[in-house]
Amino acid sequence: VIFQRFNRRVLNDNFDAELQTAIDEVTYITRLRILNIVSGPGAPTTTGSLTTHVLDTLKGRPAAGVSIELYEIFVAGEKLLTTATTNADGRTDVPLISDQPLRIGTYELRFHVGSYFKATAPESLLAEPGFVDIVPIRFGIAEPESHHHVPLLASPWSYSTYRGS
């Protein structure tokens, strides 16, 4: 990702855009350095977070007990960052990532909804094997200090997502 951004910037002929990008980067580095020497009220924000929740659109309620895996995706492979299971509200008990700067890059959430629906949906509605099993949602993080929320709406036959708030 860094090399892709570098190559794009090397060819950038828009001086004002490049200047603004450089100012943003210097500002971020400055905030990180200030954070090392200042604490308490007024300390700069340098952390982001990632959360999710799952809604069962078959029953019209949160999906409790869905296993979730979070991976960071690289050119040469992937790295499992964490696993979680949704609670009664369809959310994880804690954010998937928090209290640290998020790395700019590509991530993937894998929701194991097939086993959830096998355990909770009426047997008469499900075929074997089920139509939807593991739902992968690959997304990018470009703003490391922002809150990112990636919800999943799922049924045994379909799913959708959006960038939440």
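## Salt bridges, core and strand pairing

User: Starting with charges: how far apart are N and O in the salt bridge where the side chains of E128 and K118 meet?

Analyst: This is a predicted model. In it, the side chains of E128 and K118 form a salt bridge with an N to O distance of 3.5 Å.

User: How many salt bridges does a search of the whole structure find?

Analyst: The search gives 7. One of them pairs E72 with R103, where the closest N and O atoms are 2.4 Å apart. That pair links distant parts of the chain, 31 residues apart: E72 belongs to strand 4, and R103 to the loop between strand 6 and strand 7.

User: Is E72 buried or exposed, and what about R103?

Analyst: E72 is buried, with a relative accessible area of 4%. R103 is partly exposed, at 45%.

User: Back to helix 3. Which of its residues are buried?

Analyst: V113, G114, Y116 and F117. Viewed down the axis of helix 3, these buried residues fall within an arc of 160 degrees, so they line one face of the helix.

User: What is exposed on the other side of helix 3?

Analyst: K118 and A119. K118 is the residue that forms the salt bridge with E128.

User: What covers the buried residues of helix 3?

Analyst: The cover includes strand 2 (54-56), strand 3 (61-62), strand 7, strand 8 and strand 10.

User: Changing topic to the largest nonpolar core. Which residues touch the most other members?

Analyst: The core has 25 residues, and those touching the most other members are V66, L70, L109, F111, V113, F139 and L152.

User: Which elements each supply at least two residues of this core?

Analyst: Strand 4 (67-74), strand 7 (105-112), helix 3 (113-120), strand 8 (134-141) and strand 10 (152-154) each do. The largest share is that of strand 8, with 4 residues.

User: Take L70. Leaving aside its neighbours within four places in sequence, what is it in contact with?

Analyst: Its contacts include L50, L80, L81, L96, I97, Y107, L109 and F139. K79, T82 and E108 are also among them.

User: L50 sits in strand 1, I take it. Which way do the residues of strand 1 point?

Analyst: G48 and L50 point one way, S49 and T51 the other way, and all are buried.

User: How does strand 1 run relative to strand 6?

Analyst: Strand 1 and strand 6 (residues 97-100) run antiparallel and are joined by 2 bridges. In that pairing, L50 stands opposite I97.

User: And in which sense does strand 1 pair with strand 9?

Analyst: The pairing with strand 9 (residues 147-149) is in the parallel sense, over 3 bridges. There, L50 stands opposite H148.

Notes. Residues are numbered from 1 along each chain as its sequence is written. This is a predicted model: local features need pLDDT of at least 70, side-chain atom pairs count only at pLDDT 80 or more; totals for chains, interfaces and linings use all residues. Side-chain values use heavy atoms; hydrogens and water are left out. A nonpolar core is a set of buried Ala, Val, Leu, Ile, Met, Phe, Trp, Tyr and Cys residues joined through side-chain atoms within 4.5 Å. Buried means under 20% relative accessible area, exposed over 50%, partly exposed in between (1.4 Å probe, protein chains only). Contact means heavy atoms within 4.5 Å. Two strands pair if DSSP finds at least two bridges between them. A salt bridge is a side-chain nitrogen of Lys or Arg within 4 Å of a carboxyl oxygen of Asp or Glu. The arc is that of the directions from the helix axis to the C-beta atoms.
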